[in-house]
Amino acid sequence: MTGAFGAHGLRGVVSARGLDVFETAVSYQMYHAIVLVAASLMPTVGLPRRLLVVACGFWLAGIVLFSGSLYLLVLSGTHWLGPVTPIGGVCFMIGWVLLIIAALKKEQR
């Protein structure tokens with residue numbers, strides 16, 4: 001829904017750069033929404049539930065901080081949110097590292 005809004009509702013309202021930023025936010029939100037669904041199934045194949053829950057928490061925080069700050073940046077023009085975006089990116093990376101650790105712990109069983 002946010003992608004369609006960006007593609008149709010914002011064209012002509014924000015700059016081409018703003019549309020690119022909005023598209024980046026939508027893409028990262030979608031990638032991490034998909035991994036959240038996949039991670040919810042991973043305990044069935046033996047990955048440690050606790051690590052997956054923590055990873056999902058970091059991915060959710062990443063969505064809010066990374067994508068959310070970019071959405072607000074484009075829609076409001078408020079540039080003070082810019083420093084929040086990298087914090088969200090770090091949350092995404094921590095989530096991925098935790099998933100790798102969970103996968104390695106599964107292999108050790």
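A residue counts as partly exposed here when its relative accessible area falls between the buried cut-off, under 20%, and the exposed cut-off, over 50%. Tyr-28 has a relative accessible area of 35%, so Tyr-28 is partly exposed. Keep in mind that this is a predicted model.

First, the overall layout. The protein chain holds four helices and zero strands, and read from the N terminus the elements go α-α-α-α. The chain has 109 residues, and 37% of them count as buried.

Now to helix α2, which is where Tyr-28 sits. This helix has 26 residues and reaches 38 Å from its first C-alpha to its last, close to the 38 Å expected at 1.5 Å a residue. Its buried residues are Gly-18, Leu-19, Val-21, Phe-22, Ala-25, Val-26, His-32, Val-35, Leu-36 and Ala-39. As background for reading that list, an α-helix has 3.6 residues a turn, so residues three or four places apart point the same way.

How do α2 and α3 pack? Their angle is about 165°, and their axes are 9 Å apart. That angle makes the two helices roughly antiparallel, because anything over 145 degrees counts that way. The crossing of α2 past α3 is left-handed. Sorted by class, the contact between α2 and α3 has 20 nonpolar residues, five polar ones and no charged ones.

On to the aromatics. A search of the whole structure turns up six aromatic pairs. One of them joins Phe-22 and Tyr-71, and this pair is tilted, with 4.9 Å centre to centre and 50° between the planes. Phe-22 belongs to helix α2 (residues 16-41) and Tyr-71 to helix α3 (residues 49-76), so the pair ties together parts that are 49 residues apart in sequence. Are these two residues buried or exposed? Both Phe-22 and Tyr-71 are buried.

Tyr-28 turns up again in the ring pairs, which link Tyr-28, Tyr-31, Phe-66 and Phe-92 into a cluster. Within that group, Tyr-28 and Phe-66 are 38 residues apart in sequence, while their C-alpha atoms are 8.2 Å apart in space.

| Pair | Distance | Other value |
|---|---|---|
| Phe-22 and Tyr-71 | 4.9 Å, centre to centre | 50° between the planes |
| Tyr-28 and Phe-66 | 8.2 Å, C-alpha to C-alpha | 38 residues apart in sequence |
| α2 and α3 | 9 Å between axes | angle of about 165° |

Definitions and conventions:
Residues are numbered from 1 along each chain as its sequence is written. This is a predicted model: local features need pLDDT of at least 70, side-chain atom pairs count only at pLDDT 80 or more; totals for chains, interfaces and linings use all residues. Side-chain values use heavy atoms; hydrogens and water are left out. Rings of Phe, Tyr and Trp (its six-membered ring) pair if their centres lie within 6.5 Å; planes under 30 degrees apart count as stacked, over 60 as edge-to-face and the rest as tilted. Buried means under 20% relative accessible area, exposed over 50%, partly exposed in between (1.4 Å probe, protein chains only). The expected span of a helix is 1.5 Å times one less than its number of residues. Axes are lines fitted to C-alpha atoms, for helices over the stretch in contact, and angles run from 0 to 180 degrees between N-to-C directions. Angles under 35 degrees count as roughly parallel, over 145 as roughly antiparallel, 65 to 115 as roughly perpendicular and the rest as oblique. A crossing is left-handed if the near helix is turned anticlockwise from the far one by less than a right angle, and right-handed if clockwise. Ala, Val, Leu, Ile, Met, Phe, Trp, Tyr, Cys and Pro count as nonpolar, Asp, Glu, Lys and Arg as charged, and the others, Gly among them, as polar.
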